[in-house]
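These are my notebook entries on a structure that I am looking at for the first time. I set down what I looked up, one topic after another.

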Amino acid sequence: MDKVLITGVAGFLGSHLADHLIKAGYKVVGVDNLIGGDLENLDKQVEFYQYNCQDFEKINKITKGVKYIYHCAATAHEGLSVFSPTEIAKNNLVASNSVIAAGINNKVKRIIYCSSMARYGRQVLPFTEDMKPMPVDPYGICKVAGEETLKILCDLNKVEWVIAVPHNIIGPKQKYDDPFRNVISIFLNRILQGKPPLIYGDGKQKRCFSYIDDCVYCLLKMLDDKNVISQIINIGPDENFITINEAAEICSNISGSNFKPEYLEDRPQEVKEATCSADKARKLLNYETKTSLEEGIRKTYEYIKNKGPKEFNYHMDIEIKNELTPKSWKDKII
Ligand SMILES: NC(=O)c1ccc[n+]([C@@H]2O[C@H](COP(=O)([O-])OP(=O)(O)OC[C@H]3O[C@@H](n4cnc5c(N)ncnc54)[C@H](O)[C@@H]3O)[C@@H](O)[C@H]2O)c1
């Protein structure tokens, strides 16, 4: 039975991947320090270690006998990274370096690295994989630095690598009480608390959203497909490019509430329009959007409703507190 290590296994993406890999007959070893994950997400068959990926010695030990690594551990907090660059660098860059080193040291066959659309920054739309990365915030910078480290060290040591670029995933098991990220889940959690969606700026920012299953089947194909070796591939839809205002409206309609959004000041450094081309994924992974945006939001809504709305938990420290720091975070009003 091939052994797969999933970092960030108690998180949204990592736990879904674990479910599918277990079903497919793999032995899954998982690591998570639970900064953003939840043990409730975990299948009991995962051999789980509550370690920090920054701790090379520990990661090196559990990577023994592992054939493939999915590196999903991260603090995927793009907006917050502008105000907490130290914590973000630890969990996105230092943690990645340690996982890459452990993989190489233990002669794994392949590392699948989860990057982010933040790698592109502000460029002509839609973002394509051949564009030069131009991140505009510490989160994006860390993701790109991790990518470069992965490429250099894996090529040097003849370990296969693939870089997945998911974007704005929604679905069950996503953390919905984190005030710093996951806009759709935040809207739905607030609506279920009887509060209107809160929007930074004018709400005309545009994004595409992908349903978790549509992202996971692409990642699963990246495990051993030969065509994806040394490739960077965007994962997710390029249709249904909608404004945050429209996203809030869909959330209100699905929940049957009549809330009108409330508006807050712009968030510094936010990229206004961001969407990725799915052409390469269509070609290499037979990507197609199987779950519509409305259906994806509905499934996310049902999940949060069943679990029950939760108070937002300000679990990350804000390092830079000044006039640019969003009041919603400083005053904990989300
Ligand atoms: N969800 C999205 O929309 C999205 C979009 C683009 C990229 N990504 C990338 O996909 C990956 C998974 O994201 P997600 O949405 O599942 O996030 P998530 O927060 O649900 O999962 C990440 C997990 O990593 C764990 N973690 C963080 N730092 C760690 C550390 N130092 N050591 C051990 N565990 C640590 C967290 O506890 C969490 O369980 C990340 O790399 C993220 O950057 C996600």
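**Strand S6 and its neighbours**

I began with strand pairing in this predicted model, and found that S6 and strand S11 (residues 231-235) run parallel to each other, joined by 5 bridges. Within this pair I noted that Ile163 stands opposite Ile232 in S11.

I then turned to strand S5 (residues 110-114), which is also parallel to S6 and linked to it by 5 bridges; here Ile112 has Val162 in S6 as its bridge partner.

**Around the ligand**

I looked up the shell around the ligand and found 30 residues, of which Gly8, Gly11, Gly36, Gly37 and Ala74 come nearest. By class, I listed 15 nonpolar, 13 polar and 2 charged residues in this shell. H1 and H4 each give at least two residues to the shell, and the largest share, 3 residues, is from H1.

**The two domains**

Last, I noted the division into domain 1 (3-169 + 209-235) and domain 2 (172-207 + 239-276 + 290-330), whose C-alpha centres are 24 Å apart. Their contact involves 31 residues from domain 1 and 27 residues from domain 2. On the side of domain 1 that touches domain 2, helix H1 (12-23) and helix H4 (85-105) are among the helices that each supply at least two residues.

Technical notes:
Residues numbered from 1 in each chain as written. Predicted model: local features only at pLDDT ≥ 70, side-chain atom pairs only at ≥ 80, totals over all residues. Domains from an automatic or database assignment. Contact = placed C-beta atoms within 7 Å. Helix = DSSP H or I, 4+ residues; strand = E, 2+ residues; numbered from the N terminus. Near = placed C-beta within 6 Å. Nonpolar A, V, L, I, M, F, W, Y, C, P; charged D, E, K, R; others polar. Pairing = 2+ DSSP bridges.
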